[in-house]
2 protein chains.
Amino acid sequence: MRRVLLPALLALLAAPPVFSDAGMWTFHDFPRELLKREHGVDIDSAWLDRVRTSTIRLSNCTASFISPEGLILTNHHCSEACLDEHSTSEQNLVRAGFLARARDKELKCTAQVADVLMGTENVTAKVSAAIHGLDDKAANDTRKKTLAQLEQACEDASKQAAGGALKCEAVDLYQGGQYWLYKYHRYDDVRLVFAPERGIAAFGGDPDNFQFPRWCLDMSVLRAYGPDGKPATTPNFLALRAAGPQAGELVFVSGHPGSTQRLLTVAQLQMLRDVDLPRWLLRAAELRGRYIQFGKTGAEANRIVEDPLNGLENSIKVRRNQLDALLDDRLLQRKSAEEASLRAKIAADPALAGIGDPWADITRAEVRARELSLPYSFLEQGAGFNSRLFAYARALVRGAAERPKTNTDRLTEYRETALPRVQRRLLAPVPVYPQLEKLTLSFSLERMREWLGPDAPIVRQLLSKDSPDTLATRLVDGSHLGDAAVRKQLWEGGQAAIDASHDPMIELAREVDAQARAVRKQQEDEVEAPIEAAAQKIARVRFKVYGTTVAPDATFTLRLNFGTVQGWREGSQEVEPFTHTARLFERAKGEEPFRIPDSWLAVKDQLDPQTRFDLSTNNDIVGGNSGSPLIDTKGRLVGLIFDGNIHSIAGDYWFDPQLNRAVAVDTQIILEALHKVYKANELLAEMGEK
Amino acid sequence: MRRVLLPALLALLAAPPVFSDAGMWTFHDFPRELLKREHGVDIDSAWLDRVRTSTIRLSNCTASFISPEGLILTNHHCSEACLDEHSTSEQNLVRAGFLARARDKELKCTAQVADVLMGTENVTAKVSAAIHGLDDKAANDTRKKTLAQLEQACEDASKQAAGGALKCEAVDLYQGGQYWLYKYHRYDDVRLVFAPERGIAAFGGDPDNFQFPRWCLDMSVLRAYGPDGKPATTPNFLALRAAGPQAGELVFVSGHPGSTQRLLTVAQLQMLRDVDLPRWLLRAAELRGRYIQFGKTGAEANRIVEDPLNGLENSIKVRRNQLDALLDDRLLQRKSAEEASLRAKIAADPALAGIGDPWADITRAEVRARELSLPYSFLEQGAGFNSRLFAYARALVRGAAERPKTNTDRLTEYRETALPRVQRRLLAPVPVYPQLEKLTLSFSLERMREWLGPDAPIVRQLLSKDSPDTLATRLVDGSHLGDAAVRKQLWEGGQAAIDASHDPMIELAREVDAQARAVRKQQEDEVEAPIEAAAQKIARVRFKVYGTTVAPDATFTLRLNFGTVQGWREGSQEVEPFTHTARLFERAKGEEPFRIPDSWLAVKDQLDPQTRFDLSTNNDIVGGNSGSPLIDTKGRLVGLIFDGNIHSIAGDYWFDPQLNRAVAVDTQIILEALHKVYKANELLAEMGEK
């Protein structure tokens, strides 16, 4: 599934484009001429505005409005956390599905928000002016501060404006080539309306993940509510086109691709290939084994491990294929050639004199990154403390220390514009499972001991008497941070409350904080800063050569791209772009993950075997695009993006037009399932379907 | 630990040397002149003969005779299977240790043998004559058949000779540059005499594995018995030098290094880097997680999983560091340069005309290897059927089919000379744990479905109705192959017994056999054969350039190498070559794997804190050298090799004289522990220690 990958691995991105064949275009630089030239179709700014304001950024996915009363369509896997939140050992909503038969039965998703992009502002000139003449480290600091100030000023200004308060976020496009402010209207209150059973939403499970042909109804329906507790009024929404799209038809994807690395340098890609990806994969594979074996110890264990296991398996598949893409030496050879050609441009262009060799600068920074990699990932990025309780503890400890500081002096994630998200996550009353906490914490402590070595200071400090198991057990059993009320007290109590706390997880977070901050500082000053500086130089060169005729790397901000409904050729075999209901039933088996839910078996005879189920297109998408609407030229919703094929994973590094395909749910099966399987008549009526 | 790695991954080795700085020399081509030149020491053939016949090849390790009555010294980790065999849920000998207070209390190790190399014979000319003029595929077949015939003839001849029956094994040195017959005296009856607790044998566990400084008493004592059931008479043995070696002293390691890949081509190393190692590591890491989590479900689970988990963690550490070595582009660049220089020799030397470009031939074969890799590893190499019961079933099914064939027409492992080992493994009454079988089998079936895909024929065939769990449970619960008597019946009953069997594991092995054999045939004909042919051509070139001034790659056959006792420089830090008892106790903690056994704590005050414990040398060793004697110039045992430092793992590809170090137990602590901790006075007396 196209889950967005968390930025841990991807934190250090910077540098120039290479093979941008397709393109995740911004709305403000959408290439209308290119579209006209290639497809003979023009879209106007009204079309763009309506699609933009119909598209939603969830905390982890994309979605779209499908009714004027705030009804939201997204993937099932984007709502799993909410389904989990309302599940109990008796009632597993992930497996059983859910349908609110009335609005007052809709379930609050406490950790979810819905953001709609209302406006954008180019602030490149302001940032450039602020850092002019500074050295790398000072420039890096000043850039961050300037962006924080711009965000804050934007939010303050919006409070006075007619449209109401907006969330303002700084966006870095083209690796520092452009800076923007993106301004969102945020819906804080999002509720669950409908989700099918996971058995049909993720039919085929991990084995079928990133595969096509596919038969998944990977959908869920949410609703945005206003601050008055009433359904939001959303005049801009996408009507469904019941018949779905045709083969070869031009279609658009509007959404929030999470991140791509198409502009990274060879040295950066080698760091991913040699260090980040193999190490991450080794740890993740072991954790997968632990999860699976834990899940076999009982029905409740199986339930609570299901969601983290699904997420992990998805990420493993993604990163495994990313590693394969990087191990193909042809990719690095092409990149090297492109770098050589850009270097030649520098040498030949007097206007670029004095720019030096920014690729060599990045190579040097990556040498340092390799040295810092282990302590940075284990101490600061959480690889050594894989625990929700620890994450709470760190947020509380750091929040107390950071909030009293001047806004621009804080760690990025505790600046005013970012605080609401920290607070929301911290205070959401999501369940914490002690058994699972012990598993992940013990695992990560054990691996920290393995990778840093038994004689590393942090390992001696924590594990001189205790084994990882003993320590994890003591910490988890002794902590009260699983209780949202306790967290709220500590959050509101500030530094005094933190100082007074004897919660063992708070104590641990306090104990490791100085070391973690120290290695983060090294990373920022000695890796991030020189890479940022070099990447900006490369961006200058690239702009001179390409302008904005290539799209910027994905940054989990709103993009629009176009493509057509099509299959591909896999070896000697032609893959058709549509699947149909008939084959779903042929492929079904008695057991997970190929078991069809009873609700479907009960109405099997009423379902049209020729209904289109899933489909593939050559739109250029990546993780974060999950839940994106697939839109026709008239702005109607014809499908729901939920995945890519296996070749789409290499899309992180380049778009292969022969093989890379997006995968969507066809509106045909969405409507048929709502009608015949779930009999969701109110829902259909609201969507304008009789 | 220097466990020998099973050949699954290493099956396809072939090709030319590169940086042989050290050298695992054969006894028949030992460079006495080089030794004299570098160290001013000469060793004569009497020395070589005595050391050779004092050195033992166990089924998994090296060992040496240390008394005239068949007493054998090896590592603890080499005897874990035997300790396991005699353990029960009440009495865990791996953890508790063992000392036979009388000879009739010594415990039979049913799966162990002790081979002593009695003679060698160069048969290169015979093999060359047999394959002269044949194409690659025919040459590959004929070579195997010729070697099988030579082995058989050698064994037949030995039965008539004075020394008694010998085991004859064909050995390929220099990737087909030389073929030899190695002739062993085999002791079939090997018994356990002594083993310390695992807590001290493997103090520091996986975290300390491949680390130095170290404090492990990784020793065990076995005894060889004759066919008459009496202790073997072994006039050639190594006396212990109680004081151990001095820093800087010249020392020898005699042993059986398992395999190195120093002569592989770039294409072969890339195959390891891109395909074999990452895939193996991903699966192994997950299995590790499953083992660990399974071990937490109870004391008995913890016991039965301990040995496989230790072995797996060791292999993971090895292969992870191998991958790191291959990801260092400098290694491949050096290899590429060496290949270019050898290519130039071909071009310049009329005697080598017509040899073509064997490196390109290997590159082509590796393309095919990549295509075959998944089905070959899952179907034939056991990655899809990770189960001891399945291994039994396959050996029974194939044994029945192969044994009636002409010897040379059989699959290699069922030829006459190899059959005793198959039979021994099959009939040894080692315990089979159903829970563990289900775990490993379900895991491997699940990964087979993931990697081959749900629509692969074998996956459809096996998992169309069942989940991996269900199938594994049914197979394991239904099979009676855990009973050695049942296996014996089926083995002796031949094809008729196999045909009549309804054992579900036998049925499974029958069901997949045709597909597995088919992919093996493709692998042999389309990968192995062209690589063998090309490697022989490269070997010819190498011989012209280097002669035998470089040692052949390791092949788990007897080698001798020399070095000195020394530490190394790790970054800015000097690592001393000796550790002492004092620091062991300082480093001890209450919990595994840093918990010192009670037997040691009880006598702590009697132990001399200055006793040397472990030591490091720059001898060139790899897995398979575990248990090797460390020998001084007078032929006395001064230490017991059990590991290498972390840099020694890259020794698979090249020897780095700055960093690569072997790690041994010092005789000082061996004797002190036997005296003061274990009070093994009879044993000490037999070793000539009062």
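Tyr174(B) counts as buried because 25 C-beta neighbours lie inside 10 Å. The term has cut-offs: a residue is buried if 20 or more other C-beta atoms lie within 10 Å of its own, exposed if 12 or fewer, and partly exposed in between, with C-beta atoms placed from the backbone. This is a predicted model, in which local features need pLDDT of at least 70, side-chain atom pairs count only at pLDDT 80 or more, and totals for chains, interfaces and linings use all residues. Residues are numbered from 1 along each chain as its sequence is written, while chains are lettered from A and ligands numbered from 1 in the order in which they are written.

**Backbone angles**

Tyr174(B) is not a glycine, yet its phi is positive, at about 55°. Where is Tyr174(B) found? Tyr174(B) sits in the loop between strand S7 (167–173) and strand S8 (178–187) of chain B. Helices (H or I, at least four residues) and strands (E, at least two) are DSSP runs, numbered from the N terminus.

Phe556(B) is another residue other than glycine with a positive phi, near 55°. Its place is the loop between helix H19 (504–546) and strand S12 (559–564) of chain B. Phe556(B) is buried, with 21 other C-beta atoms within 10 Å.

Two peptide bonds are cis, as the table shows.

| Cis bond | Omega | Loop holding the proline |
|---|---|---|
| Phe212(A) to Pro213(A) | about 10° | between helix H8 (205–208) and strand S10 (220–225) of chain A |
| Glu592(B) to Pro593(B) | near -5° | between helix H20 (581–587) and helix H21 (598–602) of chain B |

**The sheet in chain B**

Chain B has an open sheet of seven strands, in the order S12-S11-S17-S18-S19-S16-S15, with antiparallel pairing. Two strands pair if DSSP finds at least two bridges between them. Which strands are at the edge? They are S12 and strand S15 (578–580) of chain B, and each pairs on one side only. From one strand to the next, the twist averages 30°. Such angles run from 0 to 180 degrees between N-to-C directions; axes are lines fitted to C-alpha atoms, for helices over the stretch in contact.

S15(B) runs antiparallel to strand S16 (residues 612–617) of chain B, and two bridges join them. Phe578(B) stands opposite Leu615(B) in S16(B).

Helix H22 (residues 667–677) of chain B packs on this sheet. H22 touches S16, strand S18 (637–644) and strand S19 (662–666) of chain B. Contact between two residues means that their C-beta atoms, placed from the backbone, lie within 7 Å. The direction of H22 makes about 35° with that of S19(B).
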